[in-house]
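Take a look at the chain below before reading on.

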Amino acid sequence: MPKKKHPKDMTTEEALKHIFHPKIVKHVKAIIRSTTQRGIKVTIEERVFIEAGDLVEMEIACTAESCGGRASFSLTKNGIQLPYACPSCSTEWFHRMSDSRKEAIVDFFDALRRLRELKNPAFKLRLRLHEERYHDAVFVSST
Ligand SMILES: [Zn+2]
């Protein structure tokens with residue numbers, strides 16, 4: 001017969017069997033097993049949405065080196081008058097004659113304004129943001 005171990009020298013498994021009734025040991029192991037399995041299967045998915053009503057402003061930011069110029073347009077006001085050039089460095093943003101980019105921005109602005117005012121208790125319209133970019137933005141703004 002093997003010499004009895006002192007509890008301080010026992011493994012967790014041996015201590016469990018030494019202290020508890022076999023039925024309790026079996027039950028505890030089943031709980032640990034199911035918890036571990038659940039833990040492995042859990043995936044945390046974070047989805048970031050923005051609702052049209054959360055939008056307040058559209059901004060065009062100049063990309064010319066070290067400019068920082070911008071033109072902002074409130075979505076709570078009617079209409080949008082886009083400048084043809086950066087108000088800070090005068091870099092041309094749009095062609096003066098006809099520019100499909102300018103038309104697309106004006107159309108988008110008008111659509112956002114209409115969506116902001118869309119009221120329907122049966123649903124809400126929301127746009128999903130790219131998570132990684134969102135987290136980068138949070139990181140940048142918190143430093
Ligand atoms: Zn500029």
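The briefing below covers the overall layout, the confidence, and then some single elements and residues.

This is a predicted model. The protein chain has 4 helices and 4 strands. Their order along the sequence is α-α-β-β-β-α-β-α.

**Whole chain**

- The protein chain has 143 residues, and 2% of them are buried.
- Take the contacts in the protein chain with a separation of 6 or more: 42% of them join residues 24 or more positions apart.

**Confidence**

- The mean pLDDT of the protein chain is 80.
- A pLDDT of 70 or more is reached by 81% of its residues.
- Where pLDDT is low, the predicted coordinates should not be read in detail.

**Strands E2 and E3**

- In what sense do E2 and E3 pair? They pair in the antiparallel sense, over 5 bridges.
- Glu59 has Ser72 in E3 as its bridge partner.
- E2 has 5 residues, and the number buried is 0, so E2 lies largely in the open.

**Ser66, between E2 and E3**

- Ser66 sits in the loop between strand E2 (57-61) and strand E3 (70-74).
- Its phi is near 50°. That is a positive value in a residue other than glycine.
- Is Ser66 buried or exposed? Ser66 counts as exposed because it has 6 C-beta neighbours inside 10 Å, and the cut-off for exposed is 12 or fewer.

**Ser88 and Ser90, between E3 and H3**

- Ser88 lies in the loop between E3 and H3. Ser90 is also found in the loop between E3 and helix H3 (100-117).
- Ser88 has 13 other C-beta atoms within 10 Å, so it is partly exposed.
- Which residues does Ser88 contact, leaving aside its neighbours within four places in sequence? They are Cys62, Cys67, Gly68 and Gly69.
- Ser88 and Ala71 are 17 residues apart in sequence. Their C-alpha atoms are 9.4 Å apart in space.
- Ser90 is not a glycine, although its phi is positive, at about 70°.
- Ser90 counts as partly exposed because it has 14 C-beta neighbours inside 10 Å.

**Helix H3**

- H3 has 18 residues, and at 1.5 Å a residue they should span 26 Å.
- Why does H3 lie largely in the open? Of its 18 residues, the number buried is 1.

**Arg126, in strand E4**

- Arg126 is found in strand E4, which covers residues 126-129.
- Arg126 has 14 other C-beta atoms within 10 Å, so it is partly exposed.
- How far apart are the C-alpha atoms of Arg126 and Ile50? They are separated by 5.4 Å. Along the chain, these two residues are 76 residues apart.
- Not counting residues up to four places away in sequence, Arg126 touches Phe49, Ile50 and Glu51.

Technical notes
Residues are numbered from 1 along each chain as its sequence is written. This is a predicted model: local features need pLDDT of at least 70, side-chain atom pairs count only at pLDDT 80 or more; totals for chains, interfaces and linings use all residues. Helices (H or I, at least four residues) and strands (E, at least two) are DSSP runs, numbered from the N terminus. A residue is buried if 20 or more other C-beta atoms lie within 10 Å of its own, exposed if 12 or fewer, and partly exposed in between; C-beta atoms are placed from the backbone. Two residues are in contact if their C-beta atoms, placed from the backbone, lie within 7 Å. The expected span of a helix is 1.5 Å times one less than its number of residues. pLDDT is the predictor's confidence in each residue, from 0 to 100. Two strands pair if DSSP finds at least two bridges between them.
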